[in-house]
Amino acid sequence: MRASHADRDRVVDVLRVAAGEGRLSLEELEERLETALSARTVGELAVLTADLPAVGRSGVR
């Protein structure tokens, strides 16, 4: 399924929170943000957050 702008925005938010909690290094965050912003499918986005806790997360998984 194609990813929408809202799907990408949700993943970017999850990634930024994870980095703020110390779960991602700055380098990892930058790599994942770049991938998220260029993702075309929901599946590509799901991979970016698969190793992060689902607490408080809604949307793409």
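This is a predicted model: local features need pLDDT of at least 70, side-chain atom pairs count only at pLDDT 80 or more; totals for chains, interfaces and linings use all residues.

Reader: What does the secondary structure of the protein chain come to?

Author: Three helices and zero strands. Along the sequence, the pattern reads α-α-α.

Reader: How many of the 61 residues are buried, as a percentage?

Author: Buried residues make up 34% of the protein chain. Contacts are worth a look too. Take those between residues at least 6 apart in sequence: 58% of them join residues at least 24 apart.

Reader: Which residues of α1 are buried?

Author: D7, R8, V11, V12, V14, L15 and A18 are buried. They sit on the same side of α1, because they cover an arc of only 160° around the axis. On the other side of α1, H5, R16 and G20 are exposed.

Reader: What covers the buried residues of α1?

Author: The cover includes α2 and α3, the latter at residues 42–49.

Reader: How do I describe two packed helices?

Author: Two values do it: the angle between their axes and the distance between the axes. Here, α1 and α3 pack at about 10°, and their axes lie 10 Å apart. That angle makes α1 roughly parallel to α3.

Reader: Which residues of α1 and α3 meet?

Author: From α1 come D7, R8, V11, V14 and L15. From α3 come V42, L45, L48 and T49.

Reader: Now α3 itself. Which residues are buried in α3?

Author: Look for L45, A46, L48 and T49. Seen down the axis of α3, they fall within an arc of 155°, so they line one face of the helix. What covers them includes α1 and α2.

Reader: Let us end with a single residue. Where is R32?

Author: R32 is in helix α2, which runs over residues 26–38.

Reader: Is R32 buried or exposed?

Author: Compare its relative accessibility with the cut-off: buried means under 20%. R32 has 13%, so R32 counts as buried.

Reader: Which residues does R32 touch, not counting those up to four places away in sequence?

Author: R32 touches L15, L24, L48, D51 and L52. Of these, L15 is one of the buried residues of α1, and L48 is one of those of α3. With D51, the R32 side chain makes a polar contact, side chain to side chain, at 2.9 Å.

Reader: How far apart are R32 and V11 in sequence and in space?

Author: They are 21 residues apart in sequence. In space, the C-alpha to C-alpha distance is 9.4 Å.

Key
Residues are numbered from 1 along each chain as its sequence is written. Side-chain values use heavy atoms; hydrogens and water are left out. Helices (H or I, at least four residues) and strands (E, at least two) are DSSP runs, numbered from the N terminus. Buried means under 20% relative accessible area, exposed over 50%, partly exposed in between (1.4 Å probe, protein chains only). A polar contact is a pair of N or O atoms within 3.5 Å; within protein, one must be able to donate a hydrogen and the other to accept it, and residues adjacent in sequence count only if both atoms are side-chain atoms. Contact means heavy atoms within 4.5 Å. The arc is that of the directions from the helix axis to the C-beta atoms. Axes are lines fitted to C-alpha atoms, for helices over the stretch in contact, and angles run from 0 to 180 degrees between N-to-C directions. Angles under 35 degrees count as roughly parallel, over 145 as roughly antiparallel, 65 to 115 as roughly perpendicular and the rest as oblique.
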